[in-house]
Amino acid sequence: MFGLGLVTMLPYALTSGEFGPVITAAQAKAMPELWPGGRHPYFSHNPWRFWLIGQHSGILPPLMPPLIWVGLFLPFLLKYPSRFPLINQIKGTIALLPQTVLVSLGLFFAAHALLLKLFFPTRYTIHTFRVVMAIAAGIALTILLDAALSACEHMIKPGHRAGIVLLTGVTGAILILYPNLSPQFPATNNRVSGDEELYQFLQKQPKNIVIATLTAVANDIPTFAQRPVLISEETALPFHIGYYNQIRQRSSDLIRAQYSPDLKSVQQFIQKYSVSFWIIDQNTFTPNYLTSASWLKSFQPAFDEALTRLHKGTVPTLATLKKQCSVLETQGLTVLDTACIVRAKELGNG
């Protein structure tokens, strides 16, 4: 097992240097990205929220299906093996559940103590607790059902055993069908993009193009269009210094260029990053658009500068070129050809 783990981790150990060192605890505390409203909130001034329900720091997993909470009754049932005979058949293996919980808690607190060395603490409880609770709930329900059937068997006359079969069938049907009555089941978290036309357009472009955008569609373009984006929310993870310094610089430059009234600054940005297409949202040039994109607030002072310009009514260069440089409009998005933006200098001088 140790050898398998070594072989699995070796490639990462040899290549992780290119991303730079992992941020230290002191650096993490100074980064707005890791506080509420940031890209990956971890810290909180509220200790209850931080330790209990924090998205990446809390010990409690998110809301789970109601039926799973039956698992909490299992420890109480185990105290009465005489009343619940089925317990005697699982005594040798049931210890695996509390052992799993103890290991999870150990890793949870270790991850807190060694901030980011073991990634975020919730990684060690959020899934484990769900699995343990689900198994415990299944065991508890089986023990209770077995006890109930045994009691009915002693109460019902031999000729009326059909009632036991009926009770078993009804109980089983409830347990199986109950989740399907919930509007949130199954909670797959799948999302429908609706940007097929955009992906098809980009797939027809050369593979070495670079796409600049602050929209959420940047998260999906590499997967569905197989084309690279300059930045995206999903790749803006502030964990490795070397990697994130580049992401921060790109993000700040993109924000400044997108909301700049200076054509030359926009063209310099295009040339610096060899941007081929620029995708903007129909609400891109409104203050609400920026303030709603909370992950962008960490890129200061570029974010505040852009927001101030919008509040003052300053018209960004891209807004004036939107119509003449558009090559595709779909689902509230507009794709701008940067070659057109570069040529705009000649048009302006003319």
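In which loop is F119 found? F119 sits in the loop between α5 (96-113) and α6 (126-155). The model described here is predicted. The protein has 15 helices and four strands, and 36% of its 350 residues count as buried.

**Overall figures**

- The accessible surface of the protein is about 20700 Å², and carbon and sulfur atoms account for 62% of that surface.
- Among contacts in the protein with a separation of 6 or more, 61% are between residues 24 or more positions apart.

**Nonpolar cores**

- The largest nonpolar core has 48 residues, of which I255, Y259, F269, W278, L290, L296 and I341 touch the most other members.
- Two or more residues of this core come from each of these elements: α10 (241-258), α11 (263-273), β2 (277-281), α12 (287-292), α13 (302-312), α14 (317-321) and α15 (338-349).
- Another core, of 16 residues, lies apart from it and includes Y199, V217, I221 and V335.
- Beyond its neighbours within four places in sequence, L296 is in contact with L214, I255, L290 and F303.

**Packing of α10 and α13**

- The axes of α10 and α13 are 9 Å apart, and the two helices pack at an angle of about 10 degrees.
- Because this angle is under 35 degrees, α10 counts as roughly parallel to α13.
- On the α10 side the contact is made by S252, I255 and R256, and on the α13 side by A302, F303, E305, A306 and R309.
- Four of these contact residues are nonpolar, one is polar and three are charged.

- S251 is found in helix α10.
- With a relative accessible area of 0%, which is under the 20% limit, S251 is buried.
- Leaving out neighbours within four places in sequence, S251 is in contact with I231 and F299.

**Backbone details**

- Q300 and P301 are joined by a cis peptide bond, with omega at about 5 degrees.
- P301 is placed in the loop between α12 and α13.
- F119 is not a glycine, yet its phi is positive, at about 65 degrees.
- The relative accessibility of F119 is 28%, so this residue counts as partly exposed.
- S274 is likewise not a glycine and has a positive phi, of about 55 degrees.
- The position of S274 is in the loop between α11 and β2.

Conventions. Residues numbered from 1 in each chain as written. Predicted model: local features only at pLDDT ≥ 70, side-chain atom pairs only at ≥ 80, totals over all residues. Heavy atoms only, no water. Core = buried A, V, L, I, M, F, W, Y, C linked by side-chain atoms within 4.5 Å. Buried < 20%, exposed > 50% of the residue type's maximum accessible area, 1.4 Å probe, protein only. Contact = heavy atoms within 4.5 Å. Axes fitted to C-alpha atoms, helices over the stretch in contact; angles between N-to-C directions. Parallel < 35°, antiparallel > 145°, perpendicular 65-115°, else oblique. Nonpolar A, V, L, I, M, F, W, Y, C, P; charged D, E, K, R; others polar. Areas by Shrake-Rupley, 256 points an atom, 1.4 Å probe, with all protein chains shown as cover.
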